Amino acid sequence: MNNLVSLCKNNDFRRVYAKGKSYVSPVVVVYVLKNRRKILRVGITTSKKIGNAVQRNRSRRVIREAFRQIMPGVKSGFDLVFVARGRTPFVKSTEVQRHMEKQLKAAGLLLDGSQ
């Protein structure tokens, strides 16, 4: 099982945005950056463009649940930042999960035995 830590500091998010590779879908954007630790660090962001506080919180919950489902199959040693998009509060976590799996597979982060 992976060790999971939340990204909390602003400069950690900035570093992932600046140096990381992004994978875009209509529902969520994923930024990936290799870290020097053996742990998986994850951050979730939603901007005010998404909507009011209720929609932003729903977006975060949906993204968190989708990632929780695929987390056992994700490699450690990376920083991931998930950014909600305009459609995120209106879709179910299963759709977000499908997009996330495609993006993480393109990034080479999914282990072979996952899914």
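1. The model is predicted, and local features need pLDDT of at least 70, side-chain atom pairs count only at pLDDT 80 or more, and totals for chains, interfaces and linings use all residues. Residues are numbered from 1 along each chain as its sequence is written, and side-chain values use heavy atoms, with hydrogens and water left out. Helices (H or I, at least four residues) and strands (E, at least two) are DSSP runs, numbered from the N terminus.

2. The sheet is open and is formed by 5 strands in the order β1-β4-β5-β3-β2, with mixed pairing. Its edge strands are β1 (4-6) and β2, each of which pairs on one side only. On average, neighbouring strands of this sheet are turned by 25° against each other, direction ignored. Two strands are said to pair if DSSP finds at least two bridges between them. Strands of a sheet pair through backbone hydrogen bonds, either parallel or antiparallel.

3. The parallel pairs may be taken next. β1 and β4 run parallel and are joined by 3 bridges; leucine 4 has leucine 40 of β4 as its bridge partner. β4 also runs parallel to β5, with 5 bridges between them, and glycine 43 stands opposite valine 81 in β5. Together with α2, the strands β4 and β5 make a left-handed β-α-β unit. A crossover is right-handed if, with the strands pointing away from the viewer, the path from the first strand over the helix to the second runs clockwise.

4. The antiparallel pairs complete the sheet order. β3 and β5 run antiparallel and are joined by 7 bridges, and the partner of valine 29 in β5 is valine 83. Between β2 and β3, which also run antiparallel, there are 4 bridges. Tyrosine 23 stands opposite valine 30 in β3, and β2 and β3 form a hairpin with 3 residues between them.

5. Helix α3 (residues 93-107) has 15 residues and reaches 20 Å from its first C-alpha to its last, close to the 21 Å expected at 1.5 Å a residue. The expected span of a helix is 1.5 Å times one less than its number of residues. After α3 comes glycine 108, whose phi is positive, near 80°.

6. Which residues of α3 are buried? They are Glu95, Val96, Gln97, His99, Met100, Glu101, Gln103 and Leu104. An α-helix has 3.6 residues a turn, so residues three or four places apart point the same way. The buried residues of α3 pack against β2 (21-24), β3 (28-34), α2 (53-70) and β5 (78-84); contact means heavy atoms within 4.5 Å. Arginine 98 also belongs to helix α3, but it counts as partly exposed because its relative accessibility is 49%.

7. Asparagine 35 lies in the loop between β3 and β4 (40-45). Is this residue buried or exposed? At 8% relative accessibility, asparagine 35 counts as buried. Its contacts, not counting residues up to four places away in sequence, are Arg41, Gly77, Phe78 and Asp79. A polar atom of its side chain lies 3.3 Å from the backbone oxygen of isoleucine 39.

8. Arginine 41 is placed in strand β4 and is buried, with a relative accessible area of 8%. Beyond four places in sequence, arginine 41 touches several residues, including Val5, Asp12, Asn35 and Leu80.

How values were computed: Buried means under 20% relative accessible area, exposed over 50%, partly exposed in between (1.4 Å probe, protein chains only). A polar contact is a pair of N or O atoms within 3.5 Å; within protein, one must be able to donate a hydrogen and the other to accept it, and residues adjacent in sequence count only if both atoms are side-chain atoms. Axes are lines fitted to C-alpha atoms, for helices over the stretch in contact, and angles run from 0 to 180 degrees between N-to-C directions.
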